[in-house]
Amino acid sequence: TTLVAKGMADGSFEHHVANAKKNGVTQEEMAEILTHIAFYAGWPNAWAAFRQAKEVYADDGTDANGGLFGLGAPNTAYAQYFTGESFLNPLTDPTKTVFLANVTFSPACRNNWHIHHAKSGGGQLLLCTDGLGWYQEAGKRAQALHPGDVVTIPAGVKHWHGAQKDCWFSHIAIECPGEETSNEWLEPVTDAEYAALDAGCAQNP
C-alpha cells in the first residue's frame with residue numbers, strides 16, 4: 001500500500017508482486033487487492049501498479065480478453081441493452097461498499113444510449129483497463145478510449161460506450177453514490193452511427 005500510495009510502482013514494487021505470485025497469490029486475488037488499495041492510494045497511483053501487475057501475471061493469461069480483472073460471465077442480464085456480446089465480472093459486493101465491475105465488450109459491441117439519473121450525486125466513472133473503446137455523449141464527438149483513461153459521467157447525461165470495431169475493450173464501471181439513483185436505457189447506437197466513428201478513428205486518437 002505504501003509503495004502504491006507514494007507512486008513507487010517501479011522495479012521494487014514489481015519484485016513484491018512477483019514474490020506474491022511465487023507464494024500463491026493468484027491473478028484474481030492480486031486484482032482484488034489492488035482494487036481495494038486504489039481507494040486509499042488514489043486511482044492515478046493505482047494505474048501504474050495495475051500495469052506492473054499485468055506484466056508479472058502475463059504468463060498466466062492477463063493479456064487475454066478482460067485483462068488483469070478477468071473476463072467474467074456473459075452479461076445476459078443486460079443483453080437486451082447491448083449490441084453484440086458483453087461480459088461482466090463483479091469486483092465488489094454492493095451490499096458492503098461502492099459497486100465496481102469489470103465490463104468487457106467484444107469487438108464492435110456497445111451498449112445503448114442511456115442516462116444515469118439521480119436527485120443528487122450519482123453518475124458513473126469508467127476506468128479503462130484493456131483494449132480500445134469509445135465513449136460518446138449526446139450532441140458531442142465520440143472519444144477514443146485507451147487503458148488508463150478515466151471517464152467521468154455526470155448524472156443526467158445521455159451517453160453510450162463500447163469497443164472499437166476490431167478490438168476487445170474492458171473498463172471498470174463504478175456506480176457513484178447518490179440519492180434516488182436509477183438508470184434509463186434508451187435506443188441502440190445504430191450501425192451507421194457506429195461505422196462513422198470507426199471511419200474517423202485515425203483523426204481521434
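Strand E8, covering residues 124-131, is largely enclosed by the rest of the structure, because six of its eight residues are buried. Please keep in mind that this is a predicted model.

Which strands does E8 pair with? One is strand E11 (residues 150-153), joined to E8 by four bridges in an antiparallel arrangement. Here Leu125 stands opposite Thr152 of E11. Another is strand E13 (residues 169-175), which also runs antiparallel to E8 and is joined to it by seven bridges. Look for Gln124 there: its bridge partner in E13 is Glu175.

## A buried histidine

Next, find His159 in strand E12, which spans residues 159-163. Is His159 buried or exposed? His159 counts as buried because its relative accessibility is 0%.

Leaving aside neighbours within four places in sequence, the contacts of His159 include Trp113, His114, His116, Gln124 and Tyr135. A polar atom of the His159 side chain also lies 2.8 Å from the backbone oxygen of Val157.

## Aromatic rings

The structure holds eight aromatic pairs. One of them joins Tyr78 and Tyr81 in a tilted arrangement, with 6.3 Å from centre to centre and 45 degrees between the planes. Tyr78 is partly exposed, at 39% relative accessibility, and Tyr81 is partly exposed as well, at 23%.

Phe87 and Trp168 make another tilted pair, 6.0 Å centre to centre with 35 degrees between the planes. Phe87 lies in strand E3 (residues 86-90) and Trp168 in the loop between E12 and E13, so this pair ties together parts that are 81 residues apart in sequence. Phe87 is buried, at 9% relative accessible area, whereas Trp168 is partly exposed, at 29%.

## Charges over rings

Arg110 lies over the face of Tyr194, 4.4 Å from the ring centre. The charged end of Lys158 sits over the ring of Trp113, at 5.5 Å from its centre.

## Positive phi in two loops

Most residues other than glycine have a negative phi. Ala108 has a positive one, near 70 degrees. Ala108 is found in the loop between strands E4 (100-105) and E5 (110-111), and is partly exposed at 22% relative accessibility.

Glu180 also has a positive phi, near 55 degrees. Its place is in the loop between strands E14 (178-179) and E15 (182-185), and Glu180 is exposed, with a relative accessible area of 57%.

Note on methods. Residues numbered from 1 in each chain as written. Predicted model: local features only at pLDDT ≥ 70, side-chain atom pairs only at ≥ 80, totals over all residues. Heavy atoms only, no water. Buried < 20%, exposed > 50% of the residue type's maximum accessible area, 1.4 Å probe, protein only. Polar contact = N/O pair within 3.5 Å; in protein donor to acceptor, adjacent residues only side chain to side chain. Contact = heavy atoms within 4.5 Å. Pairing = 2+ DSSP bridges. Phe/Tyr/Trp six-rings, centres within 6.5 Å; stacked < 30°, edge-to-face > 60°. Lys NZ or Arg CZ within 6 Å of the ring centre and 35° of its normal.
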